Amino acid sequence: MGKRKSRTSKLLAQPKKVAKLDTAFSCPFCNHAGCVECSIDRKHGIAEASCFVCKEFYATTAHALTDPVDVYSDWIDACDKVNS
(Lines give C-alpha, C1' and ligand atoms only; values in the text may rest on other atoms or scores of the structure.)
Protein backbone atom coordinates (compact mmCIF):
# COMPACT_ATOMS: atom_id res chain seq x y z
CA MET A 1 0.00 0.00 0.00
CA GLY A 2 1.47 3.28 -1.10
CA LYS A 3 1.13 6.69 0.40
CA ARG A 4 -1.07 9.23 -1.39
CA LYS A 5 0.72 12.16 -2.92
CA SER A 6 -0.06 15.55 -1.50
CA ARG A 7 -1.11 18.51 -3.62
CA THR A 8 2.14 20.40 -2.97
CA SER A 9 4.26 17.64 -4.46
CA LYS A 10 2.22 17.83 -7.67
CA LEU A 11 2.70 21.60 -7.86
CA LEU A 12 6.44 21.34 -7.33
CA ALA A 13 6.77 18.71 -10.06
CA GLN A 14 5.37 21.01 -12.79
CA PRO A 15 7.96 22.94 -14.82
CA LYS A 16 8.00 26.71 -14.47
CA LYS A 17 6.87 28.82 -17.41
CA VAL A 18 9.53 30.79 -19.27
CA ALA A 19 8.66 34.25 -20.57
CA LYS A 20 8.83 34.47 -24.37
CA LEU A 21 10.70 37.29 -26.07
CA ASP A 22 9.26 39.49 -28.81
CA THR A 23 9.76 38.48 -32.44
CA ALA A 24 8.19 41.50 -34.21
CA PHE A 25 9.74 44.91 -33.67
CA SER A 26 9.17 48.53 -34.66
CA CYS A 27 11.39 50.05 -37.32
CA PRO A 28 13.85 52.75 -36.15
CA PHE A 29 13.48 54.60 -39.48
CA CYS A 30 9.76 54.54 -40.35
CA ASN A 31 8.39 53.86 -36.82
CA HIS A 32 5.86 51.26 -37.97
CA ALA A 33 5.08 48.77 -35.21
CA GLY A 34 5.74 45.11 -35.86
CA CYS A 35 7.26 45.51 -39.33
CA VAL A 36 10.83 44.36 -38.63
CA GLU A 37 11.57 40.67 -39.11
CA CYS A 38 14.79 39.04 -37.95
CA SER A 39 16.22 35.95 -39.62
CA ILE A 40 19.20 34.01 -38.30
CA ASP A 41 21.33 31.60 -40.34
CA ARG A 42 23.40 29.80 -37.72
CA LYS A 43 25.10 27.57 -40.28
CA HIS A 44 26.71 30.53 -42.06
CA GLY A 45 26.83 32.79 -38.97
CA ILE A 46 24.70 35.61 -40.41
CA ALA A 47 21.79 37.41 -38.75
CA GLU A 48 19.61 39.87 -40.67
CA ALA A 49 16.92 42.34 -39.65
CA SER A 50 14.77 43.98 -42.32
CA CYS A 51 11.73 46.25 -42.42
CA PHE A 52 9.12 45.26 -45.00
CA VAL A 53 7.62 48.78 -45.11
CA CYS A 54 10.63 51.04 -45.79
CA LYS A 55 12.98 48.22 -46.96
CA GLU A 56 15.76 49.13 -44.49
CA PHE A 57 18.18 46.29 -43.84
CA TYR A 58 20.79 45.38 -41.21
CA ALA A 59 23.12 42.37 -41.09
CA THR A 60 25.47 41.19 -38.37
CA THR A 61 27.31 38.08 -37.24
CA ALA A 62 25.47 35.36 -35.34
CA HIS A 63 26.43 32.50 -33.05
CA ALA A 64 24.59 29.65 -31.34
CA LEU A 65 22.99 31.83 -28.65
CA THR A 66 21.78 34.66 -30.91
CA ASP A 67 18.07 35.49 -30.70
CA PRO A 68 15.99 37.90 -32.83
CA VAL A 69 15.92 40.41 -29.98
CA ASP A 70 19.74 40.43 -29.98
CA VAL A 71 19.84 41.25 -33.69
CA TYR A 72 17.32 44.07 -33.24
CA SER A 73 19.21 45.54 -30.27
CA ASP A 74 22.46 45.46 -32.28
CA TRP A 75 20.68 47.39 -35.05
CA ILE A 76 19.40 50.00 -32.57
CA ASP A 77 22.91 50.34 -31.07
CA ALA A 78 24.42 50.82 -34.54
CA CYS A 79 21.83 53.52 -35.33
CA ASP A 80 22.61 55.35 -32.07
CA LYS A 81 26.34 55.12 -32.77
CA VAL A 82 25.92 56.69 -36.23
CA ASN A 83 23.63 59.45 -34.93
CA SER A 84 26.01 60.53 -32.14
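I take buried to mean under 20% relative accessible area, exposed over 50%, and partly exposed in between, with a 1.4 Å probe and protein chains only.

**Ground rules.** I am working on a predicted model, where local features need pLDDT of at least 70, side-chain atom pairs count only at pLDDT 80 or more, and totals for chains, interfaces and linings use all residues. I number residues from 1 along each chain as its sequence is written, and side-chain values use heavy atoms, with hydrogens and water left out.

**Whole chain.** I looked up the surface next, using Shrake-Rupley areas with a 1.4 Å probe, where for residues only the protein chains shown count as cover. The chain exposes about 7000 Å², and carbon and sulfur atoms supply 54% of that. For contacts I use heavy atoms within 4.5 Å. Among contacts between residues at least 6 apart in sequence, 30% join residues at least 24 apart.

**Elements.** I take helices (H or I, at least four residues) and strands (E, at least two) as DSSP runs, numbered from the N terminus. The chain has two helices and three strands. Their order from the N terminus is α-β-β-β-α.

**Sheet.** I call two strands paired if DSSP finds at least two bridges between them. The three strands make an open sheet in the order E1-E2-E3, with antiparallel pairing. E1 (36–41) and E3 (57–61) are the edge strands, each pairing on one side only. I then checked E2 (residues 46–51) against E3: five bridges join these antiparallel strands. Ser 50 stands opposite Phe 57 in E3.

**Aromatic pairs.** I pair rings of Phe, Tyr and Trp (its six-membered ring) if their centres lie within 6.5 Å; planes under 30 degrees apart count as stacked, over 60 as edge-to-face and the rest as tilted. My search of the whole structure finds three aromatic pairs. Phe 25 and Tyr 72 are stacked, at 4.5 Å centre to centre and 10° between the planes. Phe 25 sits in the loop between helix H1 (7–13) and E1, Tyr 72 in helix H2 (residues 68–83), 47 residues apart. Phe 25 is buried at 7% relative accessible area. Tyr 72 is buried too, at 15%.

Phe 29 and Trp 75 form a tilted pair, 6.0 Å centre to centre with 45° between the planes. Phe 29 lies in the loop between H1 and E1 and Trp 75 in helix H2, so this pair ties together parts 46 residues apart in sequence. Phe 29 is partly exposed at 47% relative accessibility. Trp 75 is buried at 2%.

Last entry: I find Phe 29, Tyr 58 and Trp 75 in one aromatic cluster.
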